[in-house]
Structure formats: C-alpha cells, structure tokens
Amino acid sequence: MPDQLLTGNEAVAQAALDGAVALGTGYPGTPSTEILERFGALGGRAQWAPNEKVALEVGLGVAYAHARALVTMKHVGLNVAADPLFSATYTGVTEGLVIAVADDPGMHSSQNEQDTRRYAEAAGAPMLEPGDSQEAYDYTLAALDVSRRYQLPVILRLTTRVCHSKTRVRTRDQLMPAPAPHYERDIPSRVMIPGYARPAHVRLRERLKALANSDQPGQFLVEEGESSELGIIANGIAAVHAREAAPEARILKPGLTYPLPIEAMRKFAAQVKRCVVVEEGDPVLYTALRAAGIDVEGKAEPFRFGELTVDRVAKILTNDHSPDPEPAAPPKPPRLCHDCPHRQVFQILSKHECIVAGDIGCYTLGVMPPFEAMDTCACMGAGITIGLGLRHVLAKDQARRVVSVIGDSTFVHTGLPGIAEMAYNPPPTGHVVIIVDNDTTAMTGKQEHPGTGRQLNHLPAANKLNYEAIALALGVTNVHVVDPTDGSGEFERLLQDRLAAEELSIIVARKPCPLALKGLAKLNQASPSDGSEQK
Amino acid sequence: MTVPNQVTNIVIAGLGGQGIVTGSDILSGALFKAGYDVKKSEIHGMSQRGGSVCSDIRFGRRVNSPMVPAASADFLVITESTQIEPNRHRLHPKGRMITPDDVPFLFQDDDPKSAAYAARMINVALLGVLSAHLPIEEEVWLEAIRAALSPHLHDMNCRVFLHARRIEQIINGLNSTEGVA
C-alpha cells in the first residue's frame, strides 16, 4: 500500500485492522474518539460501550479467549476503568489486549490534566508512547505483540497532538495472522481471590522484570545526534519538539516508557556534559531517572502545565522562565448551539435560581453566559450524586432549589448508580433529576450509546434503553417526559411542581440534537437501501 | 517559488463549522501528493460548538513538530474577520495574512441563499488565494479538493478555488518585481 497521510487515531485504527484485532470497544472522549469510528469504517468490529469500565472488561474477556482486543478512552476514562485495570495486570491475558488512552495536556476539552504514565506504573501495565502517526501505527502492532508475549495488557499512551496530527504513515503489507479464539480453563490465573491474587502479583512483577530485561525496551529506543555537550531524553511528541528546538542536541527517545530502559538511559546521560529531560505533563521520566541515581536536569514547574511546543522546549533548555506570549484578543469560547434544545432548560433553571449540579457533556456549556446555570461539574455521573449530597445537608429553603442535570449518554455511562443511590438514600426534601436527552453523545461528535438504539455505525441496535422504565424499576415513581422546546411552558410548570413536591422526581427533557438529526438524515439519504436490505 | 529546504508554516483559523478541518485536509492532502513531508495539527472537541478552531500545517523536506511555533506562520488564513485579532500573533512579521477581504467576489451576490452558499465555500476560496503562493500543480489541488469533498460539491468548489487562484495570480504578478510572463 502507498504511504498515507493519517492522524494518530487513524493510524491506531489501521494497525488494529492489520493486527487482526477481533473487537474494538470504548467510550467516546476527545481526543480518542476517532480511533473506533475509523476502525469500524475500515471494516473492523467496533462498538461503543456504556462506559470505560465496561469496555475494558469486555476487552479483557476477548483477550482471555485467545483473541485480540483494542479498548479506547481518554485519560479521565481510565479513572473509570481503573478498577478492572489493576486486576487485569494480575490475571494477564492469553492474546493481545491494548488499551489506547489519550491524554489531553492543555485541557483542550477536558476537566483536568492527568498523566496516564502514572497508571502504567501503579497498575504494572507496560506502556508504549508514540510521538507521531507512524509510531502510532507501529507501536499499536508492537503493543499487541508485547501483550501476547508477556501476557499482559499494554497501554498505548497517546496525547492530543499525536491523536489529531496528520503525518506520513507506511503500513505493513503482511497482516498479522488472526488467532483462533478458544477457551482454556485456568482458575488460579483468572479468579482473583486472595489465595490466587498473591501469587498473581508475584507473577506480574516477574513478567515486568522479564520484559525490562529483554531486548524489547532497546527496540523502541531512538537515538539521534552526535553532540557530547547537550543530551535530551524526551518521550512522545516532546521528542519532535526537542529535535526542532535543539537541532544540534543528541536525543534519546524511549518508546517503551514502562518499564523504562533505565541502563540505556544511564549510558546516554553519561555520554553528554548536560542531560535535560523534556516531557509533557508530570515529571515522570525525571523522577524515575533521578531515583536511579542518574544526573539529569528537569523542567521548571510552569512547564508542568499545558502542552509543550517548540518555543516552550527552547525555554526549558535555556532555563528561561518568562511567561508565554498571549494573543492580543482571546479566542471565542464555545457555547451552546443557537438551536440547541438544552437552551430552554438552562433558561428556566436560571430564571428560578436553581442550584444546578451539572455533569460532563455539551450541556456543561450551560455554565456560560447568558445562562450561568451550572454550579458544579466534577466528572461523568457526578451531577446526580453531588446534587444528593447538597440536598442532604443544606437548609430546606436552599435544598429545595437543588437540581441535578445529566445528559443521556452520561446517564447511561455512570448516572444509573446515582439513581440507585437516590432511591436508596433519599434526601429529606426529595430531589429532582433532569435528564437532558438529545438522543446522542453530542459533545464528542454525535456518537451513539445504548439509549439511542443505534450502533457505532448509526444502524439500528438490538435494543434501546428506556429511561422511564429504568427509573421506575429503580424505585423512582415520579417520572415525566417533556419536550422543553414545545413553547407550551410545560417544562417550567413541571419543574416548579416537582421542586415544591419534596419527592424523588426525574424529568426527561427530550428533544433530539439538531446536528445529530442532520447527520442521520444525510446517512439515510446516502444509503436508502442500507442495513438489513443490503444484498 | 523554489523548493523550500526549510519548513513553510501555515495556520488556518476561524470558527467551528467553517470548514477549517476540511480546508486543512485539502491543503495537507495536496502537499502530501506533491511529495513533501507534511504535518498537520488541529484542535477540535469543544470548538465544534461555534468556538474558535485553528489548524497548523507545516511542510518541507523534513518536518519535526506538527505545531507552528509562535510568530512563525508564513501564511495566516483567516475565515472570519472576528478571528483576525485572536490569531494575529501567530503570523511572522514578514508573513502574509489571507482573509475574506481577499475574495470579495464570493460575496457580491445579494441573494441571501447564494450568500449562504458562499460562506460555506470560504475555506476553499481562501485556499485558492493561498495556492498562488505555493509550489503545487493546479491539478494536484483539484484532486485534493475532490478527495476531501463529496461529489456533488466538486464543481462548485473547484470553480471558486480556480477563480480565487487566478485573481491572486494576477495581483501577485502585478505586485511582483519579476512580473509574470
């Protein structure tokens, strides 16, 4: 195949196809979302999971069955999947399990900056870090291989600029042969009761040690330049910034960043007069190198924040701590679309001075003027539970103004346990939850979820969740569905009534996202006979 | 223009929905086809909601970072005039800014329907202006446009692209000390 110009995400998807991945699953999250969409478009079996924990567990099952799995998420999604991750490294896998995690330094569309490299060390998962699309392709295939060889899940850590940058990619002509899935019973390896987990932990450390001592870490080491003055140790995208900022420097780039090829790095540092560690995010490499007694310089604290650039790397190298230049005018902030059905909801919440426990999605933009109708937003699913906490302790007059707002995709993701909690431990004043249901995962680009009743490729799914029935089943009997845009004032009346009632209520404010509707209409137009009728 | 040994930096900036990503795909596709090492970087996500969108494209014999360094853009292409100030700092002091003012013909029609059409092609029109300054064959540009857009949009966009390209070639020729043949 001729070279292609691909984003890092597209390259991961292509590698999953060429690596005979049997199933790709994940939850959409910028900047990771396009991996699964592309994998599906290329003909791979790709599906959205309700959340990242579910995705990782499904992927783990695939990898227990001698097949290969790719699980995708953004950094904050790994927090949701952290529980299975820490056991997955104990149980190990029989074939390949690659967890592609996309960090978002600079928080272009995230609620925090977290460094997934910490998780690799904490959970004992080998980690590969590509710095461009070619490496994203090569390392995905390598990660499948390392996973099979050492029987461990492998994290492929991407960052925003790797995910969303297009660079040249040469793909393999020879595809990896697909394994034949089958099940072999191995209870002590797969059932993590203490008696089996203790030896499993020892086994995990042995596998990591074997990997660290093998030729693998060296295979992913890239060394460039001859300088004996300045040496730079850099990972991922930081290495290309460093190459440009200091063309004369000698650069060492580890591709396998957990476990680290520490002896090779020690040798490298000894060959140069000055050795600087350049890394985006936390000082992970720096700390590991210093702990190993290697004399390296790190970066100043201001460079822990935000993305690195060529300019910022040049500053790190010259110990220049002057502030970064600011644009003359700020960029235009995002806001709710002019025809967004959530607008009416936030107008009413704002008008009635509600205390709004919000959540993660497009509707988080309800915090922006003119609404300013969101008081909290911590993480997926927290809108319902933080609202409950507020209701439990606030004085009655304030408690009765507390409303939880959650989107449909987020409700399925981690909102459901919040409803169970609400039914189990109801606050004295009751509570009101509004599910702003626009029938899509709008924030990340209109992905499907179990509540839309459509699969990743937008074709009908086997089932569609019924939120009203779920709420009733969980013990909430006041469930109302309303179109907030119908102009009848029904939504406002309902809200006032439910706030006064001091009961548990769920209001489903239902109106499809106009952007998603447009997309679906286009899809139907493009392939009117698609789906079940296809010959 | 001679084949550059150093990297040429281009920044395309505007608002969500103006085709910044598509425009940068056309540009990077054309550069890739023309045989350059090209890297393209963009930020999208929350910016889909009508906020600012920006894409960096760099090409040359070898490109390292995918991001255009501060004040280093040789060309700054702006699709919406309110986005000039927020992005001006990215332009090199000797760089060229390309804005909707460079394609007045696109907005000459008073019919609101064709004005809306025009607004949707602003990305391709501005690429036409840019194309007059880049060492890429015309046919390679047209191929890149066709590769990035669905078939029913090909004719319209190619026409707008060529129109803008011709005007810029003439103006550029008039301003150039070397002149055109």
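Me: How many salt bridges are there between chain A and chain B?
Reply: The count is three. Keep in mind that this is a predicted model, where local features need pLDDT of at least 70 and side-chain atom pairs count only at pLDDT 80 or more, while totals for chains, interfaces and linings use all residues. Side-chain values use heavy atoms, without hydrogens or water, residues are numbered from 1 along each chain as its sequence is written, and chains are lettered from A and ligands numbered from 1 in the order in which they are written.

Me: Which elements of chain A touch chain B?
Reply: Those giving two or more residues include strand 1 (4-7), strand 8 (165-169) and helix 12 (236-245) of chain A. Helices (H or I, at least four residues) and strands (E, at least two) are DSSP runs, numbered from the N terminus. Helix 12 of chain A gives the most, with five residues.

Me: How many residues are in contact across the two chains?
Reply: 43 residues of chain A are in contact with 33 residues of chain B, contact being heavy atoms within 4.5 Å. The two chains bury about 3200 Å² between them, 60% of it on carbon and sulfur atoms; that is accessible area (1.4 Å probe) lost on being put together, summed over both.

Me: What makes strand 8 of chain A and strand 2 of chain B a pair?
Reply: Pairing takes at least two bridges found by DSSP. Strand 8 of chain A and strand 2 (residues 37-43) of chain B have two bridges, so they qualify. They run antiparallel, and A:S165 stands opposite B:S41.

Me: What about strand 6 and strand 7 of chain A, parallel or antiparallel?
Reply: Strand 6 (residues 127-128) and strand 7 (residues 154-159) of chain A pair in the parallel sense, over two bridges. A:L128 has A:L156 as its bridge partner.

Me: What is the order of the seven-strand open sheet in chain A?
Reply: The order is 3-2-4-5-7-6-12, with mixed pairing.

Me: Why are strand 3 and strand 12 of chain A at the edges?
Reply: Strand 3 (46-48) and strand 12 (256-258) of chain A each have a single partner strand, so one side of each is left without a neighbour in the sheet.

Notes: Salt bridge = Lys/Arg side-chain N within 4 Å of Asp/Glu carboxyl O.
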